Amino acid sequence: TIEKVSAQRMCLLNNNTALLIQHDTCHFTIADPVNGTILAQYSLDNTAFSEYEDYVFTLDSNRNTLYLYNRYGEVTGLCISTETWDVMAQIPNLICPIPGGQRILCTDRDQHTIHAYPLYSLEELVAQGNQILSPAP
């Protein structure tokens with residue numbers, strides 16, 4: 001459990017059933033706000049030596065997803081299930097999810113470009129895979 005914490009930022013999530021704590025530049029904890037039980041801990045790479053305010057999070061309640069990332073796309077971002085707190089994906093150079101939950105923006109720092117990529121649910125990926133693998137009529 002959390003007894004004493006030095007936090008840069010905190011935010012209640014999931015109808016106040018979880019507390020997101022940013023400890024320093026790139027370390028985050030999810031805790032139960034009532035009893036302080038730690039539900040999950042995450043660490044983002046800080047090779048960019050960014051300041052703590054450069055690390056942000058976005059909650060997509062439509063997809064039950066939390067994104068932790070560096071707003072300049074300097075590190076690998078995390079896509080986290082808000083139901084299980086498991087990391088569902090590590091997304092290199094994630095800049096941000098686009099509101100509406102259908103796409104994400106990532107940077108190609110070598111080419112100095114930004115790309116938008118579609119987001120798919122597991123069900124959508126399985127359906128596409130089945131369609132590709134099914135024999136043609």
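Select Ile 80 and show what surrounds it: beyond its neighbours within four places in sequence, Ile 80 is in contact with Tyr 42, Asn 64, Thr 65, Leu 66, Leu 68, Trp 85, Asp 86, Val 87 and Met 88. Bear in mind that this is a predicted model. Ile 80 sits in strand E7, residues 77–81. Its relative accessibility is 0%, so Ile 80 counts as buried.

Next, hop to Trp 85, one of the contacts of Ile 80. Setting aside neighbours within four places, Trp 85 touches Leu 13, Asn 14, Ala 18, Ile 30, Leu 39, Ala 40, Tyr 42, Leu 66 and Ile 80.

Time for the wider view. Colour Ile 30, Tyr 42, Leu 68 and Trp 85: these have the most contacts inside the largest nonpolar core, which has 16 residues. Strands E2 (18–22), E3 (27–31), E4 (38–43), E6 (65–70) and E7 each give two or more residues to this core. A second, separate core has 9 residues, among them Tyr 67, Cys 79, Ile 104 and Cys 106.

Last stop: Pro 33, in the loop between E3 and E4. Buried or exposed, or partly exposed? Pro 33 counts as partly exposed because its relative accessibility is 34%. Leaving out neighbours within four places in sequence, show its contacts: Leu 12, Asn 16, Thr 17, Ala 18 and Leu 19.

Note on methods: Residues numbered from 1 in each chain as written. Predicted model: local features only at pLDDT ≥ 70, side-chain atom pairs only at ≥ 80, totals over all residues. Heavy atoms only, no water. Helix = DSSP H or I, 4+ residues; strand = E, 2+ residues; numbered from the N terminus. Buried < 20%, exposed > 50% of the residue type's maximum accessible area, 1.4 Å probe, protein only. Contact = heavy atoms within 4.5 Å. Core = buried A, V, L, I, M, F, W, Y, C linked by side-chain atoms within 4.5 Å.
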